[in-house]
Amino acid sequence: MELEEFLQQTQADVRTQISERLETTDDQRYPYPETVFAEVVMEHMAEIGMTYEPTTCHYSAKVGNANLRLSGYSLSEDAEQLDLFVSLYDGVDQITPVTDTETKTAAEQCLRFLAKCAEGKLARTMDESNDAYELALTIEGGYPEIDEIRIYVVTDRQAKSKAFKTREISGKTIKLEVMDIERLHRHWSEGKPRDELIVNFDDLAGGPLPCVYVPAQDEDYDYALTVIPGEALRFIYEKYGARLLEANVRSFLSVTGKVNRGIRDTLKNSPARFMAYNNGIVIVADEASINRAADGSPGIASLKGMQIVNGGQTTASIYFSKKKSPEINLKQVRVPAKIIILRSQDDVAEEALISDISRYANSQNAVKQSDLSANKPYHVEIEKLAQGTYCPNGVGRWFYERTAGSYKTLLAREGTTPSKLKHLRTEVIPPARKITKTDLAKYLTAWDKKPYLVSLGAQKNFERYMDTITPSDGQPPASLPDITTFKEMVAKAILFKKTHSIVRPMFPAFQANVAAYLVSLTAEKIGDRIVLERIWNQQDISPLFKEQIAAWAPGVNDALHRGAEGRMISEWAKKQECWEAVRSASYSPVRDNIPELS
């Protein structure tokens with residue numbers, strides 16, 4: 001029953017988004033429902049660390065006798081890890097099975113897209129305005145450097161198999177996985193990205209890891225010290241990748257950095273001394289199974305919900321060093337590990353503890369408070385303002401999701417009957433009025449005329465935004481937002497959301513970049529004249545304002561493409577020079593009688 005309710009909520013989200021987007025176009029074929037569903041799923045996977053910044057990209061074609069399909073993709077910043085997504089969307093409101101034949105066929109169609117790109121045979125057949133053209137060029141040119149490729153079939157039905165046998169394309173191993181409604185519900189219902197990370201050391205290391213184990217007394221955690229074999233750690237990272245580091249405040253940079261290069265050299269030249277040279281890693285886990293090790297001492301047999309909060313550089317360096325230099329012998333490598341087993345029953349307190357552990361464990365790397373900001377007074381105050389500020393109709397509110405999953409928690413707590421849940425989702429706090437921390441940073445940074453930072457992606461832009469509001473040493477703390485500031489923030493959010501909905505049907509690709517640059521251009525040209533209070537009062541922007549934004553959109557899109565000079569638009573958009581080129585282009589004059597202008 002709970003799974004079916006989740007399915008119905010997800011379908012309501014998809015239909016709401018489709019309805020909102022159709023308001024801005026007469027083309028009833030747009031948007032593709034399967035693409036909107038894929039976008040919802042991809043964004044959630046990015047939030048929990050399963051993938052990188054995703055881009056929706058609808059592509060369906062027949063090349064020769066082969067059917068090719070794609071719904072979206074995600075490419076890591078170093079262009080070494082690629083995820084491709086293909087959507088199987090049915091729009092069902094009851095739990096409905098999907099056969100392995102259907103999911104495998106969809107995966108094969110996406111696999112063929114990848115193969116054609118890698119062979120250099122697809123881009124030449126495509127129109128340059130096609131959604132997937134630049135992605136095809138990127139794969140064609142960079143395929144030898146890509147280390148990890150995964151294909152996800154995303155579906156609103158229930159699949160029997162959640163993964164298929166790996167495939168080989170031009171020397172690369174391709175993982176094929178299914179993110180069905182059941183697997184998606186597991187992530188959402190638990191509210192933690194760690195739940196699927198179950199590590200069995202009996203299998204990986206031949207038995208429990210000998211440890212010093214200190215059970216909790218008055219504390220909310222147990223404590224253990226152990227040593228993890230290098231090969232076991234490499235395998236864990238290979239299986240879970242970036243998800244293993246979700247609670248870590250730093251992502252893996254590269255094996256060429258000074259510290260990581262030192263790790264690589266030690267692995268090559270002195271593997272037996274690795275434990276002596278390395279500071280080790282810090283792990284948090286939701287559960288630990290304790291058995292007896294071979295010597296009779298306590299041993300860690302398995303960990304559930306394992307997260308590396310310090311030592312992500314070490315872990316990833318071991319994996320990538322072995323991948324790039326197969327001759328490295330990890331059998332002699334041992335990695336010291338401190339393990340915190342969480343015991344708190346309070347989710348908020350538990351997440352705060354994880355943040356504190358991560359902050360202090362990483363203190364030698366000068367990690368800023370902005371990396372762990374959910375509990376900062378700034379965000380707490382915005383959450384309070386959202387809870388107490390009603391829209392002009394006196395019924396609805398905006399929801400600020402300070403901590404991941406809090407919107408879902410509120411619906412579960414207060415939507416105790418179908419009618420109450422429907423009222424909450426349609427009248428009080430519909431999904432369209434939910435703003436996450438990274439959303440807010442995106443809206444405000446675009447308004448601040450820094451679209452190149454928005455284009456860095458949600459997490460990097462959020463860090464830059466927090467830097468701007470975090471006082472330097474010795475400086476007084478910034479004043480907290482008040483109700484007027486909150487309403488202005490929401491007005492800027494509405495402007496960004498409406499701009500994005502205008503842009504979506506106008507261009508085949510890179511709508512997110514166009515939208516960010518278009519908001520910044522609007523702020524540049526008329527920002528000092530826009531009365532944000534009017535946007536708040538009408539909870540929308542006027543038709544004349546929408547016409548103005550639509551009139552400037554082609555100019556922004558053209559400027560982005562001209563400046564890119566054949567580069568991937570999403571990469572060019574990250575440069576400040578891109579903003580200079582866009583803002584200096586020619587645009588039509590401001591239209592008369594826009595109600596929001598003073």
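A: Strand 1 and strand 2 (residues 66-75) pair in the antiparallel sense over 8 bridges, where two strands pair if DSSP finds at least two bridges between them, and strands (E, at least two residues) as well as helices (H or I, at least four residues) are DSSP runs numbered from the N terminus. Within this pairing, alanine 61 has leucine 68 of strand 2 as its bridge partner. The model is a predicted one, in which local features need pLDDT of at least 70 and side-chain atom pairs count only at pLDDT 80 or more, while totals for chains, interfaces and linings use all residues. Residues are numbered from 1 along each chain as its sequence is written, and side-chain values use heavy atoms, with hydrogens and water left out.

The two strands belong to an open sheet of 6 strands, which has the order 1-2-3-5-8-7 and mixed pairing. Because strand 1 (54-63) and strand 7 (163-169) stand at the edges with a single partner strand each, one side of each is left without a neighbour in the sheet. From one strand to the next, the twist averages 25 degrees.

Helix 2 (residues 33-47) lies across strand 1, strand 2, strand 3 (81-88), strand 5 (148-155) and strand 8 (172-179), and helix 2 runs at about 135 degrees to strand 1. Here contact means heavy atoms within 4.5 Å, and angles run from 0 to 180 degrees between the N-to-C directions of axes, which are lines fitted to C-alpha atoms, for helices over the stretch in contact.
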